[in-house]
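Try each task before reading its solution.

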Amino acid sequence: MNFVESLSFYFTMVCDATQYITIFIFSLSLLALSLPKTFDKKSILFLVLRFLIFYASFLLIGALFFSLDRMIPHSFGILFNLSYLFLPLIYIFIFLKDDFWHRYVKFSFLAASFFVALEVSRNMGLILGEVTGDNFGWVVFGRTCPFLFCLPVSYLMWRYDISKYKNLSKPLLAIVSIIAYSLIAVAIFENQSSPGREDSISVLASFSCLYLVLLIILCLTYYCFYYFTKSRHEALLADIRLSLGEAQMDQLQSDIFNREELSKMRHDLKNQLSYIRTLLKEGKIEEATGFIEELTHQHDDVLNSFSCSNSVIAGIINMETAKAKRRGIKLVAHAVVPPTFPSNRPTCAP
């Protein structure tokens, strides 16, 4: 069977009610990844349009992968099943505005939920077919119903969106990858070893329950990943607020110190100016000049503050200079900085 004949066979023989319902559910799952925060007529219309595009794309990509799958001997439909992940891969890594590691996490969980649902679907179809004497309606129900579990996984990733938190922990990413891709490997291994194997209803039911438990663990893993990332982010913000609070206290102490110095200077300024004027009238220019230099040196830290093009850097240096003076340390600073710094926030942190 050539490629064109495989395409024709797909649309005439393979695309049955099970396939159409599965594509419908998986299109909804993909749509649930990027729901708007508020709904209006425009957003709903846009969602419907995207859903139709997803649905048509799944049909076309499924036909393409099915034809390629038929041309590869002993593939057992693995390539065809991967067609359900090809469109999410494109959508998540190209059209979502998240950072790379956030998109990677979302795709990993979506892929794992699909493969788990695929195995439960196969088992449930066999169980209901055996119990009902291959009743078409019950078999379709058994094959499509497990894919509904992909919807809460997608909604979970939308509801608890990790893209709000930029810094992802590398150990947590490693744990997520191990769990998600271990589930995928187990599902693929089970799929590869199942052709030609006859399992009893009890065995199929046990495997289905096991996969459902694994799917629940997958959801809990994502929520824990979100919770730890959120907690880590909040702890970082708390440290920043604490540092800012300490900096504000230091700045306040520096302002109090400078105001006290300026108050003393204003109190003595009238007498000092009168003394300088008297020296100048008497022609004692060198003595007046020396007195002025002594005053300048005495209040140099108050009169001459550090200044550069970046006000934040200047404020920090002046604050540290004042702190050093209170401890009897003279601090001399030189800085060459731009007015603003580029934003280069890392997305993955140890």
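**Exercise 1. Find what share of the contacts in the protein chain between residues at least 6 apart in sequence join residues at least 24 apart.**

Solution. Start with the contacts whose partners are at least 6 residues apart in sequence; of these, 77% link residues at least 24 apart. Keep in mind that this is a predicted model.

**Exercise 2. List the helices and strands of the protein chain in order.**

Solution. Begin with the count: the chain has 12 helices and two strands. Then walk from the N terminus, and the order reads α-α-α-α-α-α-α-β-α-α-α-α-α-β.

**Exercise 3. Describe the burial and the surface of the protein chain.**

Solution. First take burial, where under 20% relative accessible area is the cut-off: 39% of the 350 residues are buried.

**Exercise 4. Work out how helix α6 is set into the model.**

Solution. Look at the start of α6, where a side-chain oxygen of N135 comes within 3.1 Å of the backbone nitrogen of G137. Move along the helix, residues 136-144, and pick out its buried residues: V140, G142 and T144. Finally, ask what covers them; the cover includes α2 (17-31) and α5 (100-132).

**Exercise 5. Decide where to read the coordinates with caution.**

Solution. Check the chain as a whole: the mean pLDDT is 78, and 78% of the residues reach 70 or more. Then turn to residues 344-350, where pLDDT is below 50, although the stretch has 19 contacts in the model beyond near neighbours in sequence. Where pLDDT is low, predicted coordinates should not be read in detail.

Technical notes: Residues numbered from 1 in each chain as written. Predicted model: local features only at pLDDT ≥ 70, side-chain atom pairs only at ≥ 80, totals over all residues. Heavy atoms only, no water. pLDDT = per-residue confidence, 0-100. Contact = heavy atoms within 4.5 Å. Buried < 20%, exposed > 50% of the residue type's maximum accessible area, 1.4 Å probe, protein only. Helix = DSSP H or I, 4+ residues; strand = E, 2+ residues; numbered from the N terminus. Polar contact = N/O pair within 3.5 Å; in protein donor to acceptor, adjacent residues only side chain to side chain. Areas by Shrake-Rupley, 256 points an atom, 1.4 Å probe, with all protein chains shown as cover.
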